[in-house]
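Try each task yourself before reading its solution.

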Amino acid sequence: MSINRLFTKIYLLLLATILIYFFSSEYLLDILAERWLNSEHTFLQYRFKINTAGELYLIEQELNHYPREQWRQRLDLIEQNSIYTLQLFTISTLPISLLSEQKQQITSGETVTVFDQDKLITDYGILGDYHIYKRFMNSDVVLQFAINEVEGLAEKEADFYSNFENIILIVNISGFVILAVVVFFWVRQLDKRLNKLHQAAQQFGAGQLDSRVPALGRDEIGQLADTFNAMAERIQKLIQGHKTLTDAVSHELRTPITRLRFELTMLEDSADKTAQQRYLQGINANVDELDKMVHELLVYARLERTTPPLHLRIYDLNKVVAEWIEQVQPDTQIPIQLHPSPHDAQVTISADYMQRAVSNLLRNAMRYAKTQIQVSIEMQKKQYCIHIDDDGMGIPTADRERLFQPFVRLDSSRSRSEGGYGLGLAIVKQIALWHQGDAVISDSPLGGARISIIWPIH
């Protein structure tokens, strides 16, 4: 996993968690503060309405003994010994800040309490103005009580903010706990997945070549697991192929070496020139067989070990296959018929390797065909197909896939006496895989075997 991508993923996870916590905590604290303030103001409005009811009655009785012209003077004297500011309005001159509904309540004789929202909050104190309006003695005069500083409210506000700070502290601690829990479970899940990969790697290193990592998702860890599985599959096939190759080579070399030893012994014991010449020819034939076998082994080992650089170019498949047939036709008396594709067969291939694959299949057909060999070029379901058919004995279904393994021959019909070392089809299979295709064996319409090279249209 790239450290940059891992850092980015962790960073985005933490950032998302912090942002969610920040906005949710701000929203929660705003709701708490708003509910407290609303409940406190409702209580204060009710309390001041009750507290001023008696004073309103006493002031009304006091002014009732004086003419209207002296009311302002008497209010000034009362105001000197009160915490309130007292003002007189008429119904027609009420402050414009009052709502029409409030004015109607005042006109009907109700006591109306109004809080000045513009001065709602200051630092550790609510110093807003409470105004209490009461129509005076059924006249058009309205008396206003103005409470400019609410006694005791600042202390309550300080207590609230003290509690509010505690709430913020608790929310902050909760946020860090939530963040720790999120990171813990994320890292725990990451650790579990890495442990699965670690266990599979340990088992594979201990020799359990079939050990694989279960699916771990599509992220970087999942991609690493897929890469490990692909690597393990490749290594397992290479080791199995190496074992098979080693067993097959030891078996294949045993026969010509045994014949060489026998012929060398006979050559030493024989004084007959004709017999000696015959033994020398046999020795040369066995040496040639060993040389061909080693050459085939080297070719297969090079092709099977890694994918060489393919020089892909566009070719007319009908044309190049016809040229390849012409090159091998002199090696057999059986006619090779070509059935080209009726469509435009412009293909992208590595011509050298594809020619080797087709030539191997043609020489394989030459050994087992009775009277005819056919080569067909087709386009099927967005893929190209080259079919090589013979009219020989055919290949049993159970043995078809096995024949693509190195050194595998059918004892009954495809023996060493007919040529080959069981590597030709293995090489064909490998070349087809390099072209993202495959090689398959099926029944031929001629009655023998059909071997096909199939690869996708690019």
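Two strands count as paired if DSSP finds at least two bridges between them. Keep in mind that this is a predicted model.

**Exercise 1.** Work out the strand order of the open sheet formed by 5 strands, and find its edges.

*Solution.* Start with the order: E6-E8-E9-E11-E10, with mixed pairing. Next, look for strands that have a single partner: these are E6 (336-339) and E10 (438-443), so each has one side left without a neighbour in the sheet. Going from one strand to the next, the twist averages 20°.

**Exercise 2.** In which sense do strands E9 and E11 pair?

*Solution.* Recall that strands of a sheet pair through backbone hydrogen bonds, either parallel or antiparallel. Now take E9 (residues 383-390) and E11 (residues 449-456): they are antiparallel, with 7 bridges. To get your bearings, find Tyr-384, which sits opposite Trp-455 in E11.

**Exercise 3.** Which strands does helix H7 touch?

*Solution.* Trace H7 (residues 317-328) over the sheet: it touches E6, E8 (373-379), E9 and E11. Then compare directions: H7 makes about 180° with E6.

**Exercise 4.** Is helix H9 largely enclosed or left open by the rest of the structure?

*Solution.* First place H9 (residues 424-434): it lies across E10 and E11, at about 125° to E10. Then apply the cut-off for buried, under 20% relative accessible area. The buried residues include Leu-425, Ile-427, Val-428, Ile-431 and Trp-434, and Lys-429 and Gln-430 are also among them. In total 9 of the 11 residues are buried, so H9 is largely enclosed. Finally, look past the helix to Gln-436, which has a positive phi, near 60°.

Notes
Residues are numbered from 1 along each chain as its sequence is written. This is a predicted model: local features need pLDDT of at least 70, side-chain atom pairs count only at pLDDT 80 or more; totals for chains, interfaces and linings use all residues. Side-chain values use heavy atoms; hydrogens and water are left out. Buried means under 20% relative accessible area, exposed over 50%, partly exposed in between (1.4 Å probe, protein chains only). Helices (H or I, at least four residues) and strands (E, at least two) are DSSP runs, numbered from the N terminus. Axes are lines fitted to C-alpha atoms, for helices over the stretch in contact, and angles run from 0 to 180 degrees between N-to-C directions. Contact means heavy atoms within 4.5 Å.
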